[in-house]
Amino acid sequence: MKKLSLAIICMLCIVSCTEVKKDKNQKSQESMAHSNGRINHLSVVIDNELWNSTIGDTIRKYFGAEVPGLPQEEPLFTMRQMPKETFTGLAKQSRIFLWIEKQNEGENKYGLLKNKFSNPQIGAVISGATNEDIATLIRENHEKIISKYKSIEIKEKQAIIKKSLERIPQLQEKMGITLKIPSAYRIAIEEKQFFWIRKNIKHGSMNLMIYELPLGTVTKDSNTVSSIIKMRDSMGTVKIPTPEVGHFITEEAYAPYLYEIELDNRFTFETKGTWEIKDRFMAGPFVNYVIEDIANNRLMVLEGFVFAPSVSKRDNIFELEAIIKTVKFD
């Protein structure tokens with residue numbers, strides 16, 4: 001175990017504040033064991049004493065933070081803490097891990113290890129002389145670390161999805177896009193410029209809506225969130241069947257979260273929030289993507305939403321996000 005710890009720290013010295021470049025020996029990476037672990041499960045390698053200190057509190061604050069847009073509290077990552085001496089065998093092949101090392105001497109260091117013990121794998125390694133030094137490095141770098149973790153988890157989920165795909169050529173014929181959709185999904189509604197695709201699950205359903213709108217429907221200003229809410233409420237009311245009372249709308253009590261990203265090299269608004277059936281006790285999470293398709297003078301809208309009362313929905317909405325991020329335009 002001392003050799004493993006020394007190897008980690010030596011590698012950290014090389015990659016301090018940088019990401020390790022891809023291994024030049026491609027054959028070496030290909031011969032590595034495939035990484036393991038459930039999606040969004042994080043191995044935290046840290047001594048028990050540090051885990052029960054302010055360092056552990058800081059880790060839980062950022063890596064166990066609430067997932068935005070879910071109707072109930074669920075953590076970004078399900079964490080499994082282990083001391084360094086147990087980080088061996090299969091544990092060492094975890095797809096994502098966080099290594100915390102307290103060093104009484106030497107510089108405070110932070111680095112990312114790519115495919116160190118398995119492939120694919122991302123490990124964040126932090127070492128410091130004091131608890132506060134380590135906590136500071138976590139606070140300063142948690143956003144980048146989480147982004148790297150989420151990126152590799154999305155790719156892993158997409159790799160799983162690709163193993164069994166549902167062929168929906170109509171998406172390309174009518175909408176000019178392709179999506180990698182698992183075979184468990186089925187078309188619920190198909191129209192010229194609108195698709196509703198869904199999968200039944202034990203406690204409800206997972207759903208995809210795909211439609212196009214004219215450019216300018218969603219504004220790029222202080223009213224962006226309002227225009228997205230108006231857009232999705234209008235489509236939900238018309239397209240999604242609901243009980244006799246109420247409509248499928250954005251939850252009125254809380255504003256959704258808005259981000260700017262790119263999908264297939266196109267500017268995209270990513271919105272995460274909660275939907276509800278007005279005047280009924282029905283609600284759930286959604287993730288909505290408004291993609292600029294300037295070449296075709298349109299907005300392409302892809303939305304995933306989950307209905308699963310009284311159960312966790314983090315991994316359901318994550319699957320929908322992974323599906324949508326496979327989108328390709330003709």
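User: What makes Phe 87, Phe 97, Trp 99 and Phe 117 one aromatic cluster?
Analyst: In this predicted model, Phe 87, Phe 97, Trp 99 and Phe 117 form one cluster of aromatic residues. Rings of Phe, Tyr and Trp (its six-membered ring) pair if their centres lie within 6.5 Å. The structure holds 12 aromatic pairs.

User: Why is the pair of Phe 97 and Phe 117 called tilted?
Analyst: Planes under 30 degrees apart count as stacked, over 60 as edge-to-face and the rest as tilted. The ring centres of Phe 97 and Phe 117 are 6.1 Å apart and the planes stand at 40°, so the pair is tilted.

User: Which parts does the pair of Phe 97 and Phe 117 tie together?
Analyst: Phe 97 belongs to strand S3 and Phe 117 to the loop between S4 and S5, so the pair ties together parts 20 residues apart in sequence. Strands (E, at least two residues) and helices (H or I, at least four) are DSSP runs, numbered from the N terminus. Both Phe 97 and Phe 117 are buried.

User: How is S3 joined to S5?
Analyst: Strand S3 (residues 96-102) and strand S5 (residues 122-128) run parallel, with 7 bridges between them. Two strands pair if DSSP finds at least two bridges between them. Ile 96 stands opposite Ile 122 in S5.

User: Which strands are the edges of the sheet?
Analyst: The open sheet has 5 strands in the order S2-S1-S3-S5-S4, with mixed pairing. Strand S2 (78-82) and strand S4 (109-114) are the edge strands, since each pairs on one side only.

User: Why does Thr 224 count as buried?
Analyst: Buried means under 20% relative accessible area, exposed over 50%, partly exposed in between (1.4 Å probe, protein chains only). Thr 224 has 4% relative accessibility, so this residue counts as buried. Thr 224 is in helix H7 (residues 224-239).

User: What is Thr 224 in contact with, leaving aside neighbours within four places in sequence?
Analyst: Contact means heavy atoms within 4.5 Å. With those neighbours set aside, Thr 224 is in contact with Val 218, Thr 219, Leu 258 and Phe 269.

User: How confident is the predictor in the protein chain?
Analyst: pLDDT, the predictor's confidence in each residue, runs from 0 to 100. The chain has a mean pLDDT of 90, and 90% of its residues reach 70 or more. Over residues 13-27 pLDDT stays under 50. Local features need pLDDT of at least 70 and side-chain atom pairs 80 or more, while totals for chains, interfaces and linings use all residues. Residues are numbered from 1 along each chain as its sequence is written, and side-chain values use heavy atoms, with hydrogens and water left out.
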